Every structure is written in C-alpha cells, then in structure tokens.
Amino acid sequence: MKKIEAIIRPFRIDDVREALAEIGVKGMTLTEVKGYGRQKGHTELYRGSEYQIDFLPKIKLEVVVPDRMEDQVIEAILKTARTGQVGDGKIFVYNVEDAVRVRTGEAGESAL
C-alpha cells in the first residue's frame with residue numbers, strides 16, 4: 001500500500017477530490033496548512049501599512065491506496081492541481097506496511 005500526500009493550492013481541492021473519486025479513491029484526509037517554498041510569500045497592504053506574508057495557505061491531502069493505484073492517483077492530482085505557476089505544491093509517496101479498520105478489525109487492503 002502507498003500513502004500519497006499532496007500539498008496543493010486551496011482553490012484546487014474540489015477538482016482534485018472529484019478526479020480522485022472518478023478513479024475509485026474512497027476516502028481521504030484534508031488538513032489546512034501554511035507553508036512556503038520557492039513561492040516565498042508576498043506583501044499585503046493593511047490600513048496603509050505594508051507587511052510580509054511568509055506562510056501561504058495550502059491544503060494537505062492524504063490518501064492511502066493499493067500499490068496498483070499509485071500512478072493513477074498521482075496523475076489525477078497532477079492534472080487537476082497544476083496551474084503552471086510557482087507554488088502549485090508537491091506530492092510525496094510513502095510505503096504503508098499495514099492498515100487496520102478500527103470498527104471491524106479488518107487489516108491490509110480490505111481496511112481501506
């Protein structure tokens with residue numbers, strides 16, 4: 001199994017969610033996060049004063065899928081989250097040894 005973690009722009013999440021549902025992803029976890037990389041941040045004007053925003057709002061999306069779905073999930077995220085500008089995000093892939101459904105005790109892929 002693979003855990004795919006994607007950091008994306010907040011306004012792209014609905015498109016990404018729909019694309020993942022179309023390929024059969026049953027569940028996901030979303031977290032509102034803040035961060036910066038090459039995008040660096042930006043300056044804003046508030047009541048006549050300029051100030052620097054270093055950390056920009058992002059969404060962290062986490063899904064655990066069978067190994068055979070890894071490429072499909074990555075491709076779906078890339079197609080729907082990409083704007084072509086700096087700050088589109090990153091995708092990380094991790095190996096998952098096991099998963100257990102708390103309600104039933106099912107383990108492995110059946111717990112997904």
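Colleague: Let's start with K3 and E5, which form a salt bridge. How far apart are their closest N and O atoms?

Modeller: Happy to begin there, and please keep in mind that this is a predicted model. A salt bridge needs a side-chain nitrogen of Lys or Arg within 4 Å of a carboxyl oxygen of Asp or Glu. K3 and E5 meet that cut-off, because their closest N and O atoms are separated by 3.8 Å.

Colleague: Is K3 buried, partly exposed or exposed?

Modeller: Buried means under 20% relative accessible area, and exposed means over 50%. K3 has a relative accessibility of 24%, so K3 counts as partly exposed.

Colleague: How many salt bridges does a search of the whole structure find?

Modeller: The bridges we have discussed are part of a wider set. One of the others joins the side chains of D88 and R9, at 2.9 Å from N to O. Searching the whole structure gives a total of five.

Colleague: Which loops hold D88 and R9?

Modeller: D88 has 15% relative accessibility and counts as buried. R9 is buried too, with a relative accessible area of 10%. Their bridge ties together parts that are 79 residues apart in sequence, because D88 is in the loop between α2 and β6 and R9 is in the loop between β1 and α1.

Colleague: Now for the inside of the protein. Which element gives the largest share of the largest nonpolar core?

Modeller: This core has 18 residues, and I8, L20, V63, V73 and I77 touch the most other members. At least two core residues come from each of β1, α1, β5 and α2. The largest share is five residues, and the element that supplies them is α2.

Colleague: Which residues does V63 contact, leaving aside its neighbours within four places in sequence?

Modeller: V63 is one of the core residues that touch the most other members. Contact here means heavy atoms within 4.5 Å. On that basis the partners of V63 are K2, K3, I4, L20, V25, G27, M28 and V73.

Colleague: Are α1 and α2 roughly parallel or roughly antiparallel?

Modeller: The two helices pack with their axes 9 Å apart, at an angle of about 150°. The contact is made by D15, V16, A19 and L20 of α1 and by V73, A76, I77, T80 and A81 of α2. Their crossing is right-handed. Angles over 145 degrees fall in one class, so α1 and α2 are roughly antiparallel.

Colleague: Let's finish with two residues in other places. Is Y36 buried or exposed?

Modeller: Y36 lies in the loop between β2 and β3. Apart from residues up to four places away in sequence, Y36 touches D54 and F55. Its relative accessibility is 52%, and the cut-off is over 50%, so Y36 counts as exposed.

Colleague: How far apart are the C-alpha atoms of L45 and P66?

Modeller: L45 has its place in strand β3. With a relative accessible area of 62%, L45 is exposed. L45 and P66 are 21 residues apart along the chain, and their C-alpha atoms are separated by 47 Å.

Methods:
Residues numbered from 1 in each chain as written. Predicted model: local features only at pLDDT ≥ 70, side-chain atom pairs only at ≥ 80, totals over all residues. Heavy atoms only, no water. Core = buried A, V, L, I, M, F, W, Y, C linked by side-chain atoms within 4.5 Å. Buried < 20%, exposed > 50% of the residue type's maximum accessible area, 1.4 Å probe, protein only. Helix = DSSP H or I, 4+ residues; strand = E, 2+ residues; numbered from the N terminus. Axes fitted to C-alpha atoms, helices over the stretch in contact; angles between N-to-C directions. Parallel < 35°, antiparallel > 145°, perpendicular 65-115°, else oblique. Left-handed = near helix turned anticlockwise from the far one by under 90°.
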